[in-house]
Number of protein chains: 2
Amino acid sequence: MNIVMLLYPGLTQLDLTGPFDVFARFPELQRHLAWKTLDPVTDSGGLRLLPSVTLAQCPPADILFVPGGPGQLALMEDGEVLDFLRRQAVGARYVTSVCTGSLVLAAAGLLAGRRATSHWLSLEQLRLFGVEPVDERVVVDGAVVTGAGVTSGIDFALTLVALLFGEPRARHAQLFMEYDPAPPFAGGTPRTSEPALAALIRAETAPFQQKRREAAQRAADALAAHAAGAVSLT
Amino acid sequence: MNIVMLLYPGLTQLDLTGPFDVFARFPELQRHLAWKTLDPVTDSGGLRLLPSVTLAQCPPADILFVPGGPGQLALMEDGEVLDFLRRQAVGARYVTSVCTGSLVLAAAGLLAGRRATSHWLSLEQLRLFGVEPVDERVVVDGAVVTGAGVTSGIDFALTLVALLFGEPRARHAQLFMEYDPAPPFAGGTPRTSEPALAALIRAETAPFQQKRREAAQRAADALAAHAAGAVSLT
């Protein structure tokens, strides 16, 4: 079973590395880190990771996965990447994302009419693509499974392996990873944080979020023009 | 402020990548991924990461960090690595680890008489080095801060940045990472799992854990012979 994980410059690496650790515990899952070249890819925090396969040579995905991060903005208007995702999605059993990866899937026309989630700062931008934003940590809508911001990738991946391999094996992986989280503070989501802190982060990120929204709008317009929203998942 | 993170073959990458994502949100923290060469390092799950500096050229650490993973076994008897850790620890404000990384710190003589934690399967092996095992997710004992298995790295790192930069900034990072975990199942620790599942994992890993224990015993004997347990942290 091939799991194809898109690895691109400016991703938030934990969006990918959290799920990767979960997937690596299931020998059935052949993991492919796909990008345009095999050169190292640098994440938004400066970590350098190596792709394992090019987009051109990537085998067909049983599970397609897209992480988020600031680099996601450029991907929404990158025809080569969007074509790759559309091609890979056709035969995939699950099309998945963490964080703003869902906006890339949406820009490829793969989420039209679906329920999905994203990082809390970007969740509403899904509407630009005709996607119903859902303020939950992991959202399963048929073949589409999406996780919210960054750290939700671990919850997302455990949910996905439970769908694929059953709950007992997912629990086995969870215990091996000692996943009994104990956040040092409350407030890891805007619903529970002090409103002033969420407002501060919204203000600090407003210029970038505005750019992201403009790129998403352009991507949505291009998608509508191409009528590519018609890609249907299995 | 230099944070030196040991990157070695056979680490469990999430031990490192979880904390890395937290640290990357603090521009004061210069992150150095140190290994013997600059060649790619492959984690126990097959992810390839690039070191940023060699052990020989690494700047002095303000914070020293060692992740765990099956490759940790060899490190406990690797004089070059143990010397590096001792040298780096002398001037460090915090000496830290996640998962079985604490056994490497212990083998370097840096944890003698301290309270520390580790992955639940290996926790008791700390006693071989005169370290008090503590069955908690994050343990702060003065300059020594340790996290339990794999996913505890996120809790560990948020605790550490709160010590370094204060709680408000740690909360800011936590909200940005949307760290409001919702494990799909209970039982992420042996205290809460079905006893049969923990027993199964103990049985499956018994041969490797025996090798790890033998290596730890040899390392403890070597440490006692060198009286290197006298390295004192600031």
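Residues are numbered from 1 along each chain as its sequence is written, and chains are lettered from A, with ligands numbered from 1, in the order in which they are written. Because the model is predicted, local features need pLDDT of at least 70 and side-chain atom pairs count only at pLDDT 80 or more, while totals for chains, interfaces and linings use all residues; side-chain values use heavy atoms, with hydrogens and water left out.

**The interface**

In chain B, 64 residues are in contact with 64 residues of chain A, where contact means heavy atoms within 4.5 Å. The size of an interface is often given as the accessible area lost when the parts come together. Here the two chains bury about 5,300 Å² between them, with 64% of it on carbon and sulfur atoms; buried area is the accessible area (1.4 Å probe) that two parts lose on being put together, summed over both. On the side of chain B, Leu175(B), Glu178(B) and Phe185(B) lose the most area to chain A, together 16% of what that side buries.

Across this interface the rule finds zero salt bridges, a salt bridge being a side-chain nitrogen of Lys or Arg within 4 Å of a carboxyl oxygen of Asp or Glu. The rule does find 35 residue pairs in polar contact, both residues being at pLDDT 80 or more. A polar contact is a pair of N or O atoms within 3.5 Å; within protein, one must be able to donate a hydrogen and the other to accept it, and residues adjacent in sequence count only if both atoms are side-chain atoms.

The elements that give two or more residues to the side of chain B that touches chain A include helix H1 (13-23), strand E2 (30-35), helix H5 (152-165) and helix H6 (167-176) of chain B, where helices (H or I, at least four residues) and strands (E, at least two) are DSSP runs, numbered from the N terminus. The largest share of that side, seven residues, comes from H6(B). By class, the side of chain B that touches chain A has 32 nonpolar, 19 polar and 13 charged residues; Ala, Val, Leu, Ile, Met, Phe, Trp, Tyr, Cys and Pro count as nonpolar, Asp, Glu, Lys and Arg as charged, and the others, Gly among them, as polar.

The buried residues of H6(B) are Ala170(B), His172(B), Ala173(B), Gln174(B) and Leu175(B), with buried meaning under 20% relative accessible area, exposed over 50%, and partly exposed in between (1.4 Å probe, protein chains only). These buried residues of H6(B) pack against helix H7 (195-226) of chain A together with H5 of chain B. Just after H6(B), Glu178(B) takes a positive phi of about 50°.

**Relation of the copies**

A rotation of 180° with 0.0 Å of shift along its axis superposes chain B on chain A, with an RMSD of 0.0 Å, and that is the relation of a two-fold axis. In chain B, the C-alpha nearest the axis is that of Leu49(B), 2.3 Å from it. The same surface serves both copies, since 100% of the contact residues of chain B recur in chain A. Copies are superposed by least squares on the C-alpha atoms of residues with pLDDT of at least 70 in both.

**Salt bridges**

Side chains of opposite charge can pair when their charged atoms come close. A search of the whole structure finds 22 salt bridges over all chains, and the table lists some of them.

| Pair | N to O distance |
|---|---|
| Glu28(A) and Arg169(A) | 2.6 Å |
| Glu77(A) and Arg218(A) | 2.8 Å |
| Asp141(B) and Arg114(B) | 3.9 Å |

Glu28(A) is partly exposed at 32% relative accessibility, as is Arg169(A) at 33%. Glu77(A) is partly exposed as well, with a relative accessible area of 41%, and Arg218(A) has 43%.

Thr146(A) has its place in strand E11 (residues 144-147) of chain A and is buried, with a relative accessible area of 0%. Leaving aside its neighbours within four places in sequence, Thr146(A) is in contact with residues including Ser97(A), Thr117(A), Arg137(A) and Phe156(A). A polar atom of the side chain of Thr146(A) lies 2.9 Å from the backbone nitrogen of Thr117(A).

Arg86(A), in helix H3 (residues 79-90) of chain A, is buried with a relative accessible area of 17%, and its side chain makes a polar contact with that of Asp83(A) at 3.0 Å.
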